[in-house]
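Please keep the sequence and the structure in view while reading.

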Amino acid sequence: MRKLVFAAIALAMGAGEAARADAVLVLNSDEASYSILSRSSRIELARYPVGREPHHVIVTPDGKEMLIGSTVTNELLGLDIKTGERTRVVKDVIDPYHMGFSPNGKWFVTAAYRLDHVDIFHADGYRLAGRIFIDGLPSHIAFDAESKTVFVTLQQSGRLAAFDLQTQTLKWNVPVGNAPAGIVMLPDNKRLLVALTGEDGIVVVDPKDGGVQSTLQTGKGAHNFWPQGDGRLYFLSNRVEGTISLIDTTEMKVVGNVRVPGGPDCMAITPDGKELWVTQRFLRRVAVIDIEQLRVVASIPVGKSPHGVFMLQSGAAGPARGPVRAASTAEDQK
Amino acid sequence: MRDLIDIWVGLQTWIFETAVGPVLFEFGLMAWYEPGYNAVEFVMLGVVQIVVIAVGMRFFERRWPLEKSGKDDRLILVDQIYTLLNKLGIVPLAIFVVTYPLVQEIELAVRAWGFAPPRLERILPWLGDNALASFLLYFVLYDFAAYWLHRAQHAFPWWWALHSLHHSQRRMTVWTDDRNHVVDDLLITLALVLFSQLVGVQPGEYVIILMIGRLVESWSHANVDMNFGWLGNRLLVGPRFHRLHHALASPEERHIQDHNFAPVFPIWDILFGTAIYDTRNRPTGVADPAVDNDNDRGWIAQQITVFWRFARALTPKIRRATAL
C-alpha cells in the first residue's frame, strides 16, 4: 500500500502534464488546508496548509491561476493551474466566502457570508470599487451574460438581491424562498436557478425583477449546482436529504437522483465527463459518482468539512475560453 | 487512525442527520446547520470528557487522595450536576445562543469602521505552513488570555461575586472545575471567543483547545496527592498547584487565593509573580460565611442566590438599601 501511495504521489506531483491533469483539489474548510487527490487512484496524495476557513475556489479570467478564498484570514491564495504551485497571496479581501469574475473578466465579486456585505472589485489589481452592506447572510453569486449585474442569494433573509456592477448599487432585493443558496444563470440568460436550502427544491427566477416563475421539488436542503455538458442538465446537491438530483432545465424536471450521505455540497465533473465528484461535508470525504449509472462508486477520505472541489487543469488547457463565472459554474472547468 | 476518525465522524453524522438536522430544517434554522453539526461533536466530546473524569481521574482520586473522605462528601453532588450540564452542552448551548450574535455584531461593527483584526499569520507567516506549531501557539495565547481573565475574576468585586461560587466548595474534586455561575461562564466565553477571533483561532481548533484545556483544569481540581517533579510542576498545572489557589484564607494567608491563577501553563504565574510552590496541605473553600452558605444549596438555588449577590455588587444603591 505504501508503495502504491508513493508511486501515486510521484506520478501526480512529479510534474508530468498527464499526471497533473489527474489531480483534484479539495478545500478542507474546517482545518485550514487543501488536499490533492489522484483521480485515477482515488486516494489523497498530499495535504497543504492554506489560510483559515477556505470555502470556494475559482479560476482567473486568463485561465492561469486558481484562487482559494480564505474567509477568516481575509485573503486569496493563488495557485498555478498547471503545476499547483503557489503564485501569490492577495491580501485584504474581507471574508471571501463565495466569489467570481464577471463574464467579461472586468469585475471580481465576493460575498461575505459571515460579515454581511458584498464587495465589487476591479478585477485588474483587485481594487475595491464598492462595498455594499446587506443583511441576511450573502451566500452565493451569479452574473448575467452582459456583465452588468451580479445576483446574490441572502441565505438568512430568504431573499435574492441584484446589484449593478458599474455603479455598485442595489437594483432590487426580493423574497424568493427559505434559505436561498446556490444560484446559476442558465445559458439563455433569461432564467436564474436558485436552490432553497430551507426547502425541498429550487425556484426559477426572472433576472429582470427577481420574480419567481416556477418551482421544482428536488430534495430537502437543495443547496448548490453543477452543470453537465452544455448547461442543459444541472446536478444539484440536497444537503438535508443527502442526495444529488439531476435536473433537465429545458423541461424543468428531475431526471435522476443518487443518494450521497454526509451533507453533499460542492461538485465538479472530471475532464472526461464520466464522473461527478461531490464533497461530503460531514463525513470528511469526497464521493465519486459514475454519471452514466448515477451511483456512488467511491468515497475518498480527506480533511475536516471538505467544501470546494476543483479538477486541476492539464497543461493543454490554456487560457479559459469564454466567460469565467462563480466557483460553482461550468465555465470554471473549461 | 482513519478508522477511528470514520467511526467518530460516522456517529456524529448519524446523530446529526437523524435527530438534529431535520429539526433545524423543519424550524427554518438552516443558518445554524453547520454550527448544529459542530454542536453534536461538542456533546460527543463532552461524553468522552465525562468518561475520562469518571473513570480515569477518579481512579487516581480513590487511589491517592490528598484529602480524606468526610462529612462534606455529600456536597460533591451539585458539582457533578454542574459537570454534566456543562460537558453535555446544555449550559454552553445557552451561552452560545447569546454570545454568537453578539460576537457577530461586534465584528460587523469593527469591520464597518474599516478595521480587519490582525491574524497571527500576518506577523509570523511561517505559522501558516505548520499546523502543530500554529495550534500550540494559539493554545498558549488562549491560556494567557484565560490567566488574565481569571485574575480579573478575583480583582473586580462584582466579578468576584460570581466567581466566588466556584471557590465556595469545601470538597475540591475533579468535578469542581465546572462549578460556575452561568453569567460567569457567559462573560468568560464572550471574552475568550472575542480574543480567539482577534488572533484568528479556527473554530475547529477552538473546540480542541477548549476540550484539552478543560480536561487539564478538571485534573488540576482533582483531590490527588501526586507530584510531577520540579520541571513537570512548572510545565503543566497540577492538583497541588491549583489546590493552593482554592485554599481557605487564614489570618496568616489572607490573600492566598490571589496566587496560582494559571489554567493550564504555570508559566504565567511564574512570570507575573503569582506562583507559590509548596507542599503544605490546606483546607479549601471561602472564609466569608455568606458565600460558604452556597454549599447548602442545589444548582438552581445557587444560581439565583449568586446572581443576587452579583446584582448587589454591581449596583451600589441596592447594596446600600440592603444594608439598611
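## A serine in chain A

A polar contact is a pair of N or O atoms within 3.5 Å; within protein, one must be able to donate a hydrogen and the other to accept it, and residues adjacent in sequence count only if both atoms are side-chain atoms. The model shown here is a predicted one. In it, the side chains of A:Ser139 and A:His140 are joined by a polar contact of 2.7 Å. A second polar contact, of 2.9 Å, runs from the side chain of A:Ser139 to the side chain of A:Gln155.

Where is A:Ser139 found in chain A? A:Ser139 belongs to strand β12, which covers residues 138-143. Is A:Ser139 buried or exposed? The relative accessible area of A:Ser139 is 0%, and buried means under 20%, so A:Ser139 counts as buried. Leaving aside residues up to four places away in sequence, A:Ser139 touches several others, including A:Tyr97, A:His98, A:Ala111 and A:Tyr113. A:Val152, A:Thr153, A:Gln155, A:Pro180 and A:Ala181 are also touched by A:Ser139.

## A nonpolar patch on chain B

On the surface, B:Val43, B:Val47, B:Val51, B:Val55, B:Leu84, B:Leu88 and B:Ile90 form a nonpolar patch. Together these residues have about 550 Å² of accessible area. Helix α2 of chain B (residues 33-63) supplies the largest share of the patch, four residues.

B:Val51 is one of the patch residues, and B:Val51 lies in helix α2.

## Where chain B meets chain A

How many residues does the contact take from each chain? Chain B gives 38 residues and chain A gives 42 residues. Between them the two chains bury about 3,200 Å², with 48% of this area on carbon and sulfur atoms.

Six salt bridges are counted between chain B and chain A. In a salt bridge of 3.5 Å (N to O), the side chain of A:Arg284 meets that of B:Glu41. On the side of chain B that touches chain A, at least two residues each come from α1 (2-26), α2, α4 (90-112), α5 (120-123), α6 (131-155) and α9 (203-220). Helix α1 of chain B gives the most to this side, with 11 residues.

Note on methods. Residues numbered from 1 in each chain as written. Chains lettered and ligands numbered in written order. Predicted model: local features only at pLDDT ≥ 70, side-chain atom pairs only at ≥ 80, totals over all residues. Heavy atoms only, no water. Buried < 20%, exposed > 50% of the residue type's maximum accessible area, 1.4 Å probe, protein only. Contact = heavy atoms within 4.5 Å. Patch = residues over 30% accessible without salt bridge, like charges linked within 9 Å, V, L, I, M, F, W, Y side chains within 5 Å. Areas by Shrake-Rupley, 256 points an atom, 1.4 Å probe, with all protein chains shown as cover. Salt bridge = Lys/Arg side-chain N within 4 Å of Asp/Glu carboxyl O. Buried area = accessible area lost by both parts, 1.4 Å probe.
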